[in-house]
Amino acid sequence: MSETVSVCCTACGRRHRYTAPSYPCACGEPVTPELDPRRAATAVSHRSWDEEWTGVRCTACGAESRWPRPELGCPCGTVLCVPVDQAAPGRSGRTPGSRVPAHRSVPIRTARDAVTAAVLYLRGLGHRDIRRAEQRPVAGIGLAAPGLVVQVDPAAGPASARDVECLWLTATAESASCVYFSLAGYAEETRARADLLGVPLFVLGPTGVPRPVNAPAVALDATAG
C-alpha cells in the first residue's frame with residue numbers, strides 16, 4: 001500500500017497529505033518509495049538530473065529500479081521534494097535514471113561507442129539478434145532486432161521531432177516497436193511528439209549509461225535486467 005505523510009510547504013506553511021506513488025516492477029508487482037516522515041520537505045529551486053531519481057527495490061522479487069523522486073506541487077506555486085528514507089531497503093548507488101548495470105555500459109568517445117552502448121542496453125532488455133538496419137535513417141545510425149527498430153543519434157545538436165516521427169513511421173510500417181538514443185538530448189517539441197507517439201527517448205551520457213527522458217522510456221527501462 002502506498003505510504004501517506006504530512007507535508008508542510010516551506011513557502012506558505014500550508015500542510016498537505018501526500019501519498020507516495022506506486023510504479024510497476026518488471027515482475028508485475030507495484031513498488032513504492034519509502035518516505036521519511038521525520039524529515040521536512042524542501043523546495044525545489046533548481047533541477048539536477050542526479051537528484052531527480054530514487055532507487056526502489058521490489059519486495060516481491062528483489063529487483064531494483066530507478067523512479068522519479070517524490071514531489072508535491074503546492075497551490076502557492078512551490079514545488080516540494082518529499083524526503084525518502086535513506087536507510088530503507090532498496091536505496092543504493094545505481095546510475096541515476098537507469099537500471100542497466102555498470103558492466104553493460106561503455107564510455108562514449110566516438111559514434112561507434114554510442115552504438116555499442118545502445119546495443120549493450122538493448123541486450124539488457126532481452127534483445128539478442130541486434131544488427132545494423134537495412135534502411136538507413138535520415139539522421140544517425142539505424143539498428144534493428146526482431147520486432148524492434150532503433151535510432152542512435154551521435155549528432156552534436158538535439159534530435160528533432162522529424163527524426164522521431166521518421167523512426168516511428170518506420171516502426172509502424174514494420175509492425176515493430178522503436179527506441180531513440182541521442183547524445184545531445186531532445187528539444188521540447190521533440191519530447192512532446194515522442195510522448196504523443198509513445199516513442200521511448202534516451203540520452204546517452206559520457207559513461208554510456210542510457211537515461212530515460214520521457215514516460216515511455218521510464219516504463220521500458222523498468223524492464224531492464
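I then followed Ser 182 onward, and its bridge partner in strand S14 (201-204) is Val 203.

A note on what I am reading: this is a predicted model, where local features need pLDDT of at least 70 and side-chain atom pairs count only at pLDDT 80 or more, while totals for chains, interfaces and linings use all residues. Residues are numbered from 1 along each chain as its sequence is written, and side-chain values use heavy atoms, with hydrogens and water left out.

Next I looked up the strand pairs (DSSP must find at least two bridges between two strands). Strands here are DSSP runs of E with at least two residues, helices are runs of H or I with at least four, and both are numbered from the N terminus. S12 and S13 run parallel, joined by six bridges, and S13 pairs with S14, also parallel, over three bridges.

Then I zoomed out. The open sheet has six strands in the order S10-S11-S12-S13-S14-S15, with mixed pairing. Its edge strands are S10 (131-132) and S15 (210-212), each pairing on one side only.

Last, I checked S10: it pairs with S11 (residues 141-145) in the antiparallel sense over two bridges, and Arg 131 has Ala 144 in S11 as its bridge partner.
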